[in-house]
Amino acid sequence: MTNNHLNDAEIQQYVLQKTNCGVDIIDHIQHCTNCKIKAEQYNLLFEGIKQQEKPVFDFNLADLVMQQLPKSQYKGSYEKLFSYFIISISFFFVCVVFYLFGNNLLNLFLGITPILIGLIITTVTSLLVFLCIDMYRKYQTQMKALNFY
Ligand SMILES: [Zn+2]
């Protein structure tokens with residue numbers, strides 16, 4: 001048995017993890033009233049901490065943040081207009097290509113051998129799968145960075 005009293009760290013270790021404690025610590029606490037009282041006080045303290053409710057907001061945080069954000073209606077309508085513009089321009093060019101080279105395009109696709117079509121489909125499919133997986137990984141990394149608790 002050690003003659004000196006146990007320090008706070010040793011008493012806390014005794015209260016929290018009795019099984020991992022050294023024999024001399026347990027022996028000392030069983031024979032020393034001073035350290036026994038300290039251990040009981042720590043026990044009460046830890047029990048009190050365990051019974052504390054976890055802090056929770058009593059309001060909806062998401063709603064409050066959404067109200068604070070600036071409205072983006074103008075930007076949204078502008079972006080919509082821009083995408084309509086891009087779509088109509090590309091549709092116009094596709095129509096022009098079909099109008100000018102319609103017969104030649106048909107011959108082009110008829111001339112392709114089936115093995116080439118298979119190769120093209122395989123390549124495009126594997127590329128799409130790869131891009132989707134990459135996008136999903138990036139999304140997960142970003143979500144992980146957002147959830148820090
Ligand atoms: Zn003691």
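This is a predicted model: local features need pLDDT of at least 70, side-chain atom pairs count only at pLDDT 80 or more; totals for chains, interfaces and linings use all residues.

Visitor: Which protein atoms are donors of the zinc ion?

Guide: H5 (ND1), H28 (NE2), C32 (SG) and C35 (SG). They lie 2.0 to 2.4 Å from the zinc ion. A donor is an N, O or S atom within 2.8 Å of the metal (3.2 Å for Na, K and Ca). Water is not among the atoms, so sites may look incomplete. Along the chain, the zinc donors follow the spacing H-x22-H-x3-C-x2-C.

Visitor: What makes the arrangement around the zinc ion tetrahedral?

Guide: The angles. Four donors count as tetrahedral if all angles lie between 85 and 135 degrees. The four donor atoms here subtend angles of 97 to 127 degrees, so the arrangement is tetrahedral.

Visitor: Are C32 and C35 buried or exposed?

Guide: C32 and C35 are both buried. Buried means under 20% relative accessible area, exposed means over 50%, and partly exposed is in between (1.4 Å probe, protein chains only).

Visitor: Why is α1 called oblique to α3?

Guide: Two packed helices are described by the angle between their axes and the distance between the axes. Helices are DSSP runs (H or I, at least four residues), numbered from the N terminus. Axes are lines fitted to C-alpha atoms, for helices over the stretch in contact, and angles run from 0 to 180 degrees between N-to-C directions. Helix α1 (residues 8–16) and helix α3 (residues 33–51) pack at about 60 degrees, with axes 9 Å apart. That angle makes α1 oblique to α3. Under 35 degrees counts as roughly parallel, over 145 as roughly antiparallel, 65 to 115 as roughly perpendicular, and the rest as oblique.

Visitor: Which residues make the contact between α1 and α3?

Guide: D8, I11, Q12, Y14, V15 and L16 of α1 meet C35, K38, A39, Y42, N43 and F46 of α3. Contact means heavy atoms within 4.5 Å.

Visitor: How do you know that α2 and α3 are roughly perpendicular?

Guide: The axes of helix α2 (residues 23–31) and α3 cross at roughly 100 degrees and come within 5 Å. The pair is therefore roughly perpendicular. H28, I29, Q30 and H31 in α2 meet T33, C35, K36 and A39 in α3.

Visitor: What makes α1 and α2 roughly perpendicular?

Guide: Their axes cross at roughly 90 degrees and come within 11 Å. α1 and α2 are therefore roughly perpendicular to each other. Here E10, Q13 and Y14 in α1 meet I25, I26 and I29 in α2.

Visitor: Why does V15 count as buried?

Guide: V15, in helix α1, has 19% relative accessibility, so V15 counts as buried. Not counting residues up to four places away in sequence, V15 touches A39, Y42, N43 and F46.

Visitor: Why is L44 called exposed?

Guide: L44 is found in helix α3. Its relative accessible area is 66%, so L44 is exposed.

Visitor: What makes E47 partly exposed?

Guide: E47 is also in helix α3. Its relative accessibility is 36%, so E47 counts as partly exposed.

Note on methods. Residues are numbered from 1 along each chain as its sequence is written. Side-chain values use heavy atoms; hydrogens and water are left out. Four donors count as tetrahedral if all angles lie between 85 and 135 degrees; four count as square planar and six as octahedral if opposite donors are over 155 degrees apart and all others between 65 and 115; anything else is irregular. Helices (H or I, at least four residues) and strands (E, at least two) are DSSP runs, numbered from the N terminus.
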